[in-house]
Amino acid sequence: MVNELPDTIDIYHAKTHNLKDITVHVPLHEQVAIAGVSGSGKSSLAMGVLYAEGSRRYLEGLSAFTRRKIHQAERASVERIDFLPPALALRQCPPVPGRRSTVGTITEIYNLLRLIFSRLGTHRCPNGHAVPPSLQAIMEERCICPECGVSFKLPSAEFYSFNSALGACPSCGGLGERAEVDPSRVVPDPSKTLKQGAVASWRSAGRGYMIRLAALLGVRLDVPWNKLTEQEKHIVMEGKRTRRPLIFHNRDTGAEYPILFTYENALDSVRQALVGDKNQTRFAKMKKFLSIRPCETCHGVRLRPEALQTTVAGMTIAEAAALPLEKIDRLGDGLARAVPESVRTVAEKLSSGLHEELEPLLGLGVGYLTLDRQGATLSTGERQRLELSAMARGGSTGILYILDEPSVGLHPANVEGLENVMRRMVRNGNSLVVVDHNLEIIRHSDYMIEMGPEAGVNGGRVVAAGRPEDVAEKGATLTGQYLSGVRQVRGRNRRPVPHDDAAFMRITVSRKHNLDHVAAAFPLNRMTAVTGVSGAGKTALILDSLVPAVKAELIGRPLPAHVAALTGADPIRRVLKVDAAPIGRNSRSTPATYTGLFDEVRRLFAATEEANRRGWDAGHFSFNVKGGRCAVCEGRGDMALDMQYLPEQHVRCPHCGGTRYEPETLEVRVRGKSIADVLAMSVDDALDFFTDDPGLAAQLQILHDVGLGYLRLGEPTPGLSGGEAQRMKLAGELVHRHPGTLYVLDEPSTGLHVHDLELLIGVLDRLMGDDSTVILIDHDPDVIACSDYVVDLGPGGGPEGGHIVASGTPAQVAANPDSLTGKYLAGHGSL
C-alpha cells in the first residue's frame, strides 16, 4: 500500500490577533505569498500561527530542562494544524549585531578565508624567511623553512581569528578600536547645574543619587558646571571611591533611616557600567559618553601583527577582508593559479566552496560589502539579506521558511536575484511562505493568499487564495486588481521645483564611506526621494551627513568633520526622523496614550459629577499609575503565567476581566460609557462618540485620515505593523503641527501595501502644508514617481557608488540614460 504524502499545511479555526476563525490550506514545497493591506492579518497568519506553532513543535522535541532555558513564543490561538514542518523565520527587523560581528563572521565566509590563509598562505619562519605552502605541511601540520631549515607549527585557522586569543590584537582584544570616556560628553551642557542634570552619565548609569553624595563631599549643586571650582570638578570627575550615608524617609511612618552608599565619580560610573558587558547591551547605552578611535597597535584590523605576516596572492588576510565580496569572488577564481602545483587540488576545493558561499550574496545585490564591515553599521535590509543567504546556503530540506518582507531595502534591479535565492530554497525540498507587498514577488509566486478585506477589526479573513494569475484575472480583491493593472497608485499633484538657488538646501560631503566630495541639493518645502541601489551612499548622505549637519546648525555647534559645507538650511527649525520601528515596549502603550488624546478623555471623566463627588482627578483614570487601575494586573489587562518548560501563557486578568480598572472606577460614566468602554472603541467609533468635543474629534479625525480608523484606542502599540506604526507617528505630527520641520523617512514604503502608499503620500503632502520639507530614502517606483524631486546615487554599490548620477524631477531622472532607477521610472503611468 502506498502512503500519499500531504501536499498542504491544513490550518483550522485560527483566531490569533485579528484572524476571524479562519480555515486555510497552505501548499507545501512551493513559494506561497501572503498579501493584503497593512494590518489585514498577514503577519498574524505567517508569524503568529505558522511560525509560532512550527517552532514550538520543534522545541517540544527537546528535554524539559533545555526548554526552560529557551524563550518560547506563546501558543497560537488555533484549533488544529496538520502537516506543519519545523519552521524558521527571517524577520522584518533582524537584531543588530554586536561590536565583534562583521560581514565575514555573520556570513561565516571569514571562516573559509581563515582556512585558505592557514593552508594555502605563504608563512614566515621565526627567522623571517618566506615559506610557501605545501601538501606535506598541510598533512603534517608543520612547516619547514627552505632557507634556514627551521621547523615550526603550521598556523591554524584560529590564528587568524580576531575573536580568538590566538589571533586577536593584544591591545584592543580584537575590536579594532579603543573606547575611552570623554569628559566633554559626560557633561554635554556646562551651563547646567548638578541639580539640573549636568552629569549625564550618572543619570544613564542609574546613579542619580550620586549628586547627594557629591554634596556631602563639598560640591555645590546649584552652581552651573562651568562656574564650579577646579577642586569641585575634580571630585565629580575623578574623586576617589568613598562611602557616605544618605538619609531616607519612610512616607508611611515618617521614620528616618540612613543607608550607606559608595561614591562613584562621573567617569568611573561609565567604566563600571561596561564591566562584564558580554552582550554589548550596556555599551550601546554608554556609547554616547565614549570617544572611539582606531587601535594604535592594529590600526583597526583587529589582528595581532604575527597574523598579518601570512600572505595569499600577495595580500594579508586583513587586506583580503577589506575587498568587496565581488572582488573576493574573483580572488577565489585565481586562487589555484597563485599557489604551487602540489596544493592546487586543495585550492580548487576551497575556491569552489568560497564561490558557493558568495553566489547567493552576489545575487542579492550586496557584492559591494566587505568582510571587515562592522555588523552594527549594516542597514536592516542588508542584515536581512545576509541572513537569507545563510538560509539558502544551509542545504536543509523539509523546512518551512517564513520570510517577512524580504524585499526591504531592495532596489528593483535586485528583485530578480532575491527571487532566484527563494527558488533555490524551494528546489532544495523546502516550503516557503513570503509576506511581502512587492507585486513582482507576488506575481512570480506559485500560490497566493490574500488577507482582508480591510485592516484591524475589518480584516483577518482570507479574501482570495489561488495562483496569482487566477486572483488577478478575477479582480475581486484589492491586490488582485493591482496585479492585473486595473488599479494603480494615484499620483499626487507634484509641486513645481523652483529655479531660485535660495529655495534649495545644499550640502557638500568631503569624505564619508564611499562619498568623496559629493555635493547635493534638496528643494525646501518639497518632497525629495533619494534613490540608488544598496550601498550607493544614500544613508551616508542623508542619515550620516545631512541630518547631523542640520541638527548641529540648529543648536549652533560645528558641522560634523566630514561635512565641508551646509547652506540654505535657515528655514529649517526642527529635524525629525520617522521610521517603522515599533511604538512602545508593552501593553501600556496604546494609540490613545501615544497620541495624547487619552489625556483629554481622562479629563472628561474627571469632570463628571460622580468623579467630583468621589474626589477623583484625571490621574485616577490612568491605567499607568496607582489609583483607579486594577491592583492585580496593575493596569495591563492581562497576566503572564510562568509555565516553566512550556511557553509563557498570557491570560485575561481574573480581577478586572481585561478592562484594566477596578470595578468602582468603571462606575463613572460619560454618556453611558465607562473609561474601559472608550478604550475598547475603534478610532472611527470614538469619532462618532466624541463628535461634540472639538478637541478630541480633531485628533481622532487625523487618525482616521491616515487610514487608522480601525485601530482600537486601547490596543497595545507594540503589536502594530511597521506601516501602522509609521502612520501613527506621522499622525502625531499632524496633531501637534511643527512648521519648518525637516522630515526624514528611511524606507517609508516598508510593510505598506500598494493601496496604503496612497495614504502615506497623502499624509506627507499635508505635512508640507506647514512649510516643512520631506526627504525620503526609498526604492519603490510608485513613491519615487510621486515625489517632487529625485536625487539618484550610484551607479553601483560600495566603491562603484558614492556619486550623484542624476537629479531633477522624476520625469527628468526617468529620461537620464545613466540612471538605473530611471529605467524603472520610465514606464510609470503618472509621469
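1. A polar atom of the His-123 side chain lies 3.1 Å from the backbone oxygen of Ser-118; a polar contact is a pair of N or O atoms within 3.5 Å, with one able to donate a hydrogen and the other to accept it. His-123 belongs to strand β6, residues 123–124 (strands are DSSP E runs of at least two residues, helices H or I runs of at least four).

2. The model is predicted: local features need pLDDT of at least 70, and side-chain atom pairs count only at pLDDT 80 or more. Residues are numbered from 1 along each chain, and side-chain values use heavy atoms, without hydrogens and water.

3. His-123 has 3% relative accessibility and therefore counts as buried (under 20% relative accessible area, 1.4 Å probe). Beyond its neighbours within four places in sequence, its contacts (heavy atoms within 4.5 Å) include Phe-117, His-129, Cys-143, Phe-152, Tyr-160 and Thr-310.

4. In helix α10 (residues 266–274), Ala-266, Leu-267, Ser-269, Val-270 and Ala-273 are the buried residues. They line one face of the helix, because they fall within an arc of 165° seen down the axis of α10. The N-terminal end of α10 is capped by Asn-265, with a side-chain oxygen 3.0 Å from the backbone nitrogen of Leu-267.

5. Helices α13 (residues 325–333) and α14 (residues 344–363) have axes that come within 9 Å and cross at roughly 155°. That makes the two helices roughly antiparallel (angles over 145 degrees). The contact involves, among others, Leu-325, Ile-328 and Asp-329 of α13, and Leu-354, His-355 and Leu-358 of α14.

How values were computed
Buried means under 20% relative accessible area, exposed over 50%, partly exposed in between (1.4 Å probe, protein chains only). The arc is that of the directions from the helix axis to the C-beta atoms. Axes are lines fitted to C-alpha atoms, for helices over the stretch in contact, and angles run from 0 to 180 degrees between N-to-C directions. Angles under 35 degrees count as roughly parallel, over 145 as roughly antiparallel, 65 to 115 as roughly perpendicular and the rest as oblique.
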